[in-house]
Amino acid sequence: MSETFVVDPVTRLEGHLKVKVEIENDKIVDAQCIGTLYRGIEQILVGRDPRDAPVITCAICGVCHETHQITSSFCLENAAGIRPPVNAYAIRNIIETATTIYSNLLSILALCGPDYDLYGLGNDKWAQVLKEVIIPPQRLCHQIIATFGGKTPHHWSSVPGGETKKPTAETRTSILTKLSQIKEAYEHIAPTILGYLDDHQDLKEYGVGPKNFVSYGVYPDPENPEDEDSFYFKRGIFSKGERSEFNVDWINEDVTYSWYTDESGGNPAEEIPPEPQYDKLTSTGERAYTWAKAPRYKGEVFEAGPLARMIVSGFYTPKSQHGASVHDRIYARALEIGKLIEAMPIWVSKLKPGEPTSTKFEVPTSASGVALWEAPRGALGHWIKIEDEKISRYQVITPTAWNCSPKDSNLQNGPVEQALIGTQIADRENKKEIVRTIRSFDPCLACTVHMIRDGKELKPISI
Amino acid sequence: MKITRRDFLKLSAVLTTGAVIEYYTSDIRKIFKAAAQQDVNVIWLQGSQDSGCTISMLQGANPDLVDVITDFRLSLTYQPSIMIAEGEEALNRLKDAASGNTPLDVLIVEGGVPEGYFCTVGEIGGDPVPFEQWVKQLGARASHVVALGSCAAFGGIPSGDPNPTNVRPVSEIITEKPVINLPGCPPHPDWVILTLANVLQGISPELDENNRPKAFYGKTVHEACSRLGYYEMGQFAESFEDPECLFRLGCKGPISHGECPSRLWNNGTNMCTLGGVPCRACVEPAFPDPPLSPFYSWEIIEPPTSEFPVDPMIVAGAATAAVAAGAGAYALQRRSKKKAGAKKKNRL
């Protein structure tokens, strides 16, 4: 006999998330990822001056806001057919690096941390760890972003055409000084995290997912940005044990199980802004269950995130015999911080004091644009269509959309759902596998998770 | 030790200066320490928002206050981002406060309030609970209500035209008591900390006509901007990287009320106009819609004449020519007016 468990809210993901699982004989047999907030950012963009897009899309996420601002700026530049100067690429790489280090630290320590006996997170040492270990390097990351961006969160200095702040020699020194402090903190933190993961082999046994990975690639060489081979993290897919090229035309958004009309969805370059239809029934009479859409690549389910980036770039090979696991996701995320700390000085060295950071951007009368980039949590795409100098369509596909997507018309579950299905629950009273799996995909803000069983709440994982 | 009301009023009176936290660090520490140790019930809800306000307060707080603020936040009755309390306990705290079983001293709402099932938090008896319901029930019980960030204060970006999910400010949901608005995208962490320091002492700060504490929102960004001299000399930047005034690139500093230039962001690192970013007036009710949008423009408008100040509405793209003072008032209009003309609204 199966039991239904609801985890709501799972807040450590930007926005609001609920997860429902069916458990039979201590094994998860079905799972639903349910997005419980809809804001309609794409609808808000229609009819606006295209230059508003980076500021509006920035508010999609308060954690990786920088990423949306940058991707939206690239998208407009693509539509206008202009290329920003070397300085702008270097600054965007620096901002993205600082954002990703910030976000990975947040995920591993503040979000996943309390689920493990790691650093004493989750017990009475929590406040101390937060103050002494987690917050100081994160503040430095934010200061690096604010150096160029004015303030952060929501830095707003990435504009169509480039960046707003010219670097100086002093800027370079100041960033490197902060980076060396971040490095020191990381060297202190990393052995604890990696050592813990190595000591807990059970973490390799669950949270497998689709084993298809997508990375749009990120950190182009500022002097040669159009050459995909120059990307520090590569663009490509990894599927069935092999790496291959990525083609943006093969992305399609399925809305079969989403609370949008069946007319919504499709190829992101062409689809209409989503039309809400709460509590929609599918053609077979099932209930749609989420505000999230289901992006698919060649009709298949793909996972995005640091693990995907690290695998596609050849920096990491999953250690789980199953091809992916909770262990691999957190391990790859931790190692990525090290790769980024190594890379940051490269972008800093490309800053050219006194040289321009932007080129003139003119709103095209009609044009289409696309930008693919990597948010801390994975593949991020923005698509724009401009008509009469106004936005006529705007589409954003976030990494969360890939990872927390629902079932599609072929009844394939999304990555988080797949990672949950098949998981054996070791302890009925303490189903820690569920939240550990969800959080391994880098949910966003720290929170608490509560579980409801047939309307009656159960004690969540004990920490 | 609890500081006296008189001391605190003294503190409130000088809130306008960026240095207040340095002068009063020990007093502020005492307030937050006391609140963390005493039985103060504070609930922090998140609605239609992006969590930027939470991130701002956690990462950007004055270094001398980080530890007490962290302790305070961990002691909150409910705070989805940081609390370590377990789920069952957490939900019960919300329910207990909503039903009046436990007193609620302060309700902080981060995010706007969309209609019904566009945002739900938790389930009761198997049914998702609309965020709006939590705000209404908890608001009725709270002694003080703080709307944190532009989305909670005025609707913000999710309420941008055509306001697809009918996002309303907290003050339209909680109507029976004053709501202290702390707009900003995000608000400066000092604004939040100092306002909470007031409220925790039972003192309501003096508010402007948009219910924002006058101490932080009393002056325009323009008045204290480091580029003001260029403006007065009639020298304007033609590209964002230029050192001159950003006014003609779409800067809304003259109609934006905030003390960013004197306080600076991220521990004194920078602020928008200092970084070449035209002010977006993110603290104003009209954000992100006209006359504040389009946010920036590359077009160079006609050079200003000797009559200063130049009409900010020219830059803001409004058809109405108004004097600077009148224009400011126009930008400050409440959103509800705009909503009447909303093109298309989703139905649930």
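This is a predicted model: local features need pLDDT of at least 70, side-chain atom pairs count only at pLDDT 80 or more; totals for chains, interfaces and linings use all residues.
Two strands pair if DSSP finds at least two bridges between them. Helices (H or I, at least four residues) and strands (E, at least two) are DSSP runs, numbered from the N terminus. With that in hand, take Val145(B), which sits opposite Val179(B) in strand 6 of chain B.

Residues are numbered from 1 along each chain as its sequence is written, chains are lettered from A and ligands numbered from 1 in the order in which they are written, and side-chain values use heavy atoms, with hydrogens and water left out.

**The sheet in chain B**

- Four strands of chain B make an open sheet, in the order 1-2-5-6, with parallel pairing.
- Strand 1 (42-46) and strand 6 (179-182) of chain B are the edge strands with a single partner strand each, so one side of each has no neighbour in the sheet.
- On average, neighbouring strands of this sheet are turned by 20 degrees against each other, direction ignored. Axes here are lines fitted to C-alpha atoms, for helices over the stretch in contact, and angles run from 0 to 180 degrees between N-to-C directions.
- Strand 5 (residues 142-148) of chain B pairs with strand 6 of chain B in the parallel sense, over four bridges.
- Helix 6 (residues 131-141) of chain B packs on the sheet and touches strand 1, strand 2 (104-110) and strand 5 of chain B; contact means heavy atoms within 4.5 Å. The direction of helix 6 of chain B makes about 150 degrees with that of strand 2 of chain B.
- Helix 9 (residues 189-200) of chain B also packs on the sheet, touching strand 1, strand 2, strand 5 and strand 6 of chain B. Its direction makes about 160 degrees with that of strand 6 of chain B.

**A closer look at strand 1 of chain B**

- Five of the five residues of strand 1 of chain B are buried, so the strand is largely enclosed by the rest of the structure. Buried means under 20% relative accessible area, exposed over 50%, and partly exposed in between (1.4 Å probe, protein chains only).
- Val42(B), Trp44(B) and Gln46(B) lie on one side of the strand, and Ile43(B) and Leu45(B) on the other.
- Strand 1 of chain B pairs with strand 2 of chain B in the parallel sense over five bridges, and Trp44(B) has Ile108(B) in strand 2 as its bridge partner.

**A strand pair in chain A**

- Strand 9 (residues 251-254) and strand 10 (residues 294-297) of chain A pair in the antiparallel sense over four bridges, with Glu253(A) opposite Pro295(A).
- From strand 10 of chain A, Ala294(A) and Arg296(A) point one way and Pro295(A) and Tyr297(A) the other, and all are buried.

**Helix packing in chain A**

- Helix 4 (residues 86-112) and helix 6 (residues 169-199) of chain A pack at about 30 degrees, their axes 12 Å apart. That makes helix 4 of chain A roughly parallel to helix 6 of chain A (angles under 35 degrees count as roughly parallel, over 145 as roughly antiparallel, 65 to 115 as roughly perpendicular and the rest as oblique).
- Residues meeting there include Ile94(A) and Leu105(A) from helix 4 and Ile182(A) and Ile189(A) from helix 6 of chain A. By class, this contact has nine nonpolar, no polar and no charged residues. Ala, Val, Leu, Ile, Met, Phe, Trp, Tyr, Cys and Pro count as nonpolar, Asp, Glu, Lys and Arg as charged, and the others, Gly among them, as polar.
- Helix 8 (residues 326-350) and helix 11 (residues 432-440) of chain A pack at about 40 degrees, with axes 9 Å apart, and are therefore oblique to each other.
- Val326(A), Arg329(A) and Arg333(A) in helix 8 of chain A meet Arg436(A), Thr437(A), Arg439(A) and Ser440(A) in helix 11 of chain A. That contact splits into one nonpolar, two polar and four charged residues.

- Most residues other than glycine have a negative phi, and most peptide bonds are trans.
- The peptide bond from Asp161(B) to Pro162(B) is cis, with omega near 10 degrees; Pro162(B) sits in the loop between helix 7 (149-154) and helix 8 (170-173) of chain B.
- Cys185(B) and Pro186(B) are also joined by a cis peptide bond, omega about -5 degrees, and Pro186(B) is in the loop between strand 6 and helix 9 of chain B.
- Lys211(A), not a glycine, has a positive phi of about 60 degrees, and at 40% relative accessibility Lys211(A) counts as partly exposed.
- Asn266(B) has a positive phi too, near 50 degrees, but at 5% relative accessibility Asn266(B) counts as buried.
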